[in-house]
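Visitor: I'd like to go through this model with you, starting from the overall fold and then moving to details. Could you show it first?

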Amino acid sequence: MATGEEDETERVRRPSGKKTAKKTVKKTARSAGSVRAGHRGSESDGEPPRAGRRVSASRAMRYAADQLKELLGRAPESVSAVQPTEDGWQADVEVLELERVPGTTSVMATYRVMLDKEGELVAYERTRRYTRGQIDRR
């Protein structure tokens with residue numbers, strides 16, 4: 001194994017839910033080291049976007065969801081809005097905060113996420129809490 005690499009073993013599940021043999025995944029120091037190194041490369045060359053260059057809207061949506069998940073420890077359900085700003089991007093991300101039965105009573109939250117031009121999270125705030133079954137009356 002080369003310097004800066006580590007083995008990570010994980011169980012792989014079949015669609016039926018049964019466990020299969022262990023699968024070993026090699027991570028380099030670059031991919032394991034930071035969020036930016038893990039998924040910030042361009043589609044063609046694997047390099048991060050050039051400084052000052054704005055990432056695409058679809059990448060901004062993915063970056064917003066990924067970084068918010070790291071901070072909150074909860075997986076986002078969806079990105080409901082994304083728009084460019086002078087400094088980068090603003091996105092609204094929907095997160096399941098409290099799961100209940102039936103699912104329509106689960107508590108959801110909308111987080112407003114601010115990203116710089118390269119897609120790095122610079123600020124976030126919870127702007128709304130609501131039940132999953134609630135419809136906006138605007």
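Visitor: How many helices and strands does the secondary structure of the protein chain come to?

Guide: The secondary structure comes to three helices and six strands, where helices (H or I, at least four residues) and strands (E, at least two) are DSSP runs numbered from the N terminus. Please keep in mind that this is a predicted model, in which local features need pLDDT of at least 70 and side-chain atom pairs count only at pLDDT 80 or more, while totals for chains, interfaces and linings use all residues. Residues are numbered from 1 along each chain as its sequence is written, and side-chain values use heavy atoms, with hydrogens and water left out.

Visitor: And in what order do the elements run from the N terminus on?

Guide: The order is β-β-α-α-α-β-β-β-β.

Visitor: What share of the residues is buried?

Guide: Of the 138 residues in the protein chain, 25% are buried, meaning under 20% relative accessible area, with exposed being over 50% and partly exposed in between (1.4 Å probe, protein chains only).

Visitor: Which residues of α3 are buried?

Guide: In α3 the buried residues are R59, A60, Y63, A64, A65, Q67, L68 and L72. An α-helix has 3.6 residues a turn, so residues three or four places apart point the same way.

Visitor: What span should helix α3 have, and how far apart are its end C-alpha atoms?

Guide: The 16 residues of α3 (residues 57-72) should span 22 Å, and the end C-alpha atoms are 22 Å apart, which agrees; the expected span is 1.5 Å times one less than the number of residues. Just after α3, G73 takes a positive phi of about 75 degrees.

Visitor: How many aromatic pairs does the structure hold?

Guide: The structure holds one aromatic pair. Y111 and Y124 form this tilted pair, with 6.0 Å centre to centre and 50 degrees between the planes; rings of Phe, Tyr and Trp (its six-membered ring) pair if their centres lie within 6.5 Å, and planes under 30 degrees apart count as stacked, over 60 as edge-to-face and the rest as tilted. The pair links distant parts of the chain, since Y111 is in strand β5 and Y124 in strand β6 (residues 121-131), 13 residues apart.

Visitor: Are those two buried or partly exposed?

Guide: Y111 counts as buried because its relative accessibility is 5%, whereas Y124, at 37%, counts as partly exposed.

Visitor: Changing topic, which peptide bond is cis?

Guide: The bond from V101 to P102 is cis, with omega near 0 degrees, and P102 lies in the loop between β4 (88-98) and β5 (107-116).
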